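Take a moment with the sequence and the model below. Then follow the text through it, one region at a time.

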Amino acid sequence: MKTYRYRRILPVFLLLIAILVPSERVFAAGLNRTSARIAVGSRLQLTVSSAKPSALRWKSSKPAVATVTGKGLVSGKKAGKAVITVTAGSRKYTCSVTVVKKQSTAARKPTTKVDSNTVGMTSREAKIYKAMYAKKSVYREGMSWKSDRFYAWRGGIFRGGYGCVAFAFRLSDAAFGSAPAKIHYNLRNVRIGDIVRFGKNAHSVVVMKIVGNTAVFAEGCYGDKVHWGRTMTLAKLRSEGSYVLTRYA
């Protein structure tokens with residue numbers, strides 16, 4: 001009688017696991033950018049998620065305006081527009097790149113460090129970056145930030161978080177407001193403002209910007225303090241990351 005009861009319960013239990021545990025398969029491959037704006041002399045790294053770099057074929061519609069290497073590194077040559085196309089097997093992805101003139105030193109108006117750091121970002125990414133960076137005057141470098149701090153997040157999924165999670169949630173809300181969050185496990189698809197959980201699921205950081213093959217973080221509980229500007233290669237982030245919380249639609 002007990003054996004029969006277990007046989008009836010087991011399929012239900014397995015079905016619940018399949019429903020509740022997120023699957024990585026729902027995240028399709030794609031180009032990390034569909035449009036970009038860079039200055040002459042600047043570079044932009046394009047990547048295709050869930051695809052081997054050796055299997056990709058890159059091409060620029062106007063090499064005189066923007067070139068692209070076999071590894072997806074785009075360089076601005078002169079003002080104009082070009083379309084970068086990458087072929088991954090039977091699929092093609094494109095990114096429209098606008099190259100603008102590099103402003104001369106004499107004509108350049110005084111700018112803040114925030115503005116210079118937004119080169120290569122889309123307008124939305126720049127807005128998200130500025131909203132998070134503005135909090136640096138509130139959460140100063142070296143400010144005490146321990147694991148007992150709690151913050152109620154507006155992104156959903158989790159009610160809130162403590163310590164490094166609380167810090168990440170605060171910056172996320174500053175940038176995205178009440179936009180709902182999603183969780184995914186594709187560490188090749190990380191964007192500005194995303195929260196990455198890594199270090200054997202022990203620490204959370206916010207991605208402030210991506211420069212070439214390097215991600216720049218802001219984080220709390222970094223030695224019980226707030227820290228801005230720690231860097232990590234995207235390769236290391238992908239190997240050590242657990243999951244990503246994003247609020248991009």
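**Cysteines, sheet and confidence**

A search of the whole structure turns up zero disulfides. Keep in mind that this is a predicted model. A disulfide would need the two sulfurs within 2.5 Å. C164 has a relative accessibility of 8%, so this residue counts as buried.

Now turn to the sheet. Six strands form an open sheet with antiparallel pairing. Their order is β10-β15-β11-β12-β13-β14. Which strands stand at the edges? They are β10 (182-184) and β14 (227-233). Each has a single partner strand, so one side of each is left without a neighbour in the sheet. From one strand to the next, the twist averages 35°.

Look next at one pair inside this order. Strand β12 covers residues 203-211, and strand β13 covers residues 214-219. The two run antiparallel and are joined by five bridges. I210 has A215, in β13, as its bridge partner. A helix also packs on the sheet: α3, residues 123-133, touches β12 and β14. The direction of α3 makes about 130° with that of β12.

Is R230 buried or exposed? Its relative accessibility is 18%, so R230 counts as buried; the cut-off for buried is under 20%. The side chain of R230 makes a polar contact of 2.7 Å with the side chain of E219. Leaving aside residues up to four places away in sequence, R230 touches F198, H203, V205, A215, V216, F217, E219 and Y222. Among these is A215, the bridge partner of I210.

The protein chain has a mean pLDDT of 84, and 83% of its residues reach 70 or more. Where is confidence highest, and where is it lowest? The highest mean, 96, belongs to strand β4 (residues 66-68). Helix α1 (residues 2-20) has the lowest, with a mean of 48. Over residues 14-28, pLDDT stays under 50. For that stretch, the model has six contacts beyond four places in sequence. Where pLDDT is low, predicted coordinates should not be read in detail.

Definitions and conventions: Residues are numbered from 1 along each chain as its sequence is written. This is a predicted model: local features need pLDDT of at least 70, side-chain atom pairs count only at pLDDT 80 or more; totals for chains, interfaces and linings use all residues. Side-chain values use heavy atoms; hydrogens and water are left out. Two strands pair if DSSP finds at least two bridges between them. Helices (H or I, at least four residues) and strands (E, at least two) are DSSP runs, numbered from the N terminus. Axes are lines fitted to C-alpha atoms, for helices over the stretch in contact, and angles run from 0 to 180 degrees between N-to-C directions. Contact means heavy atoms within 4.5 Å. Buried means under 20% relative accessible area, exposed over 50%, partly exposed in between (1.4 Å probe, protein chains only). A polar contact is a pair of N or O atoms within 3.5 Å; within protein, one must be able to donate a hydrogen and the other to accept it, and residues adjacent in sequence count only if both atoms are side-chain atoms. pLDDT is the predictor's confidence in each residue, from 0 to 100.
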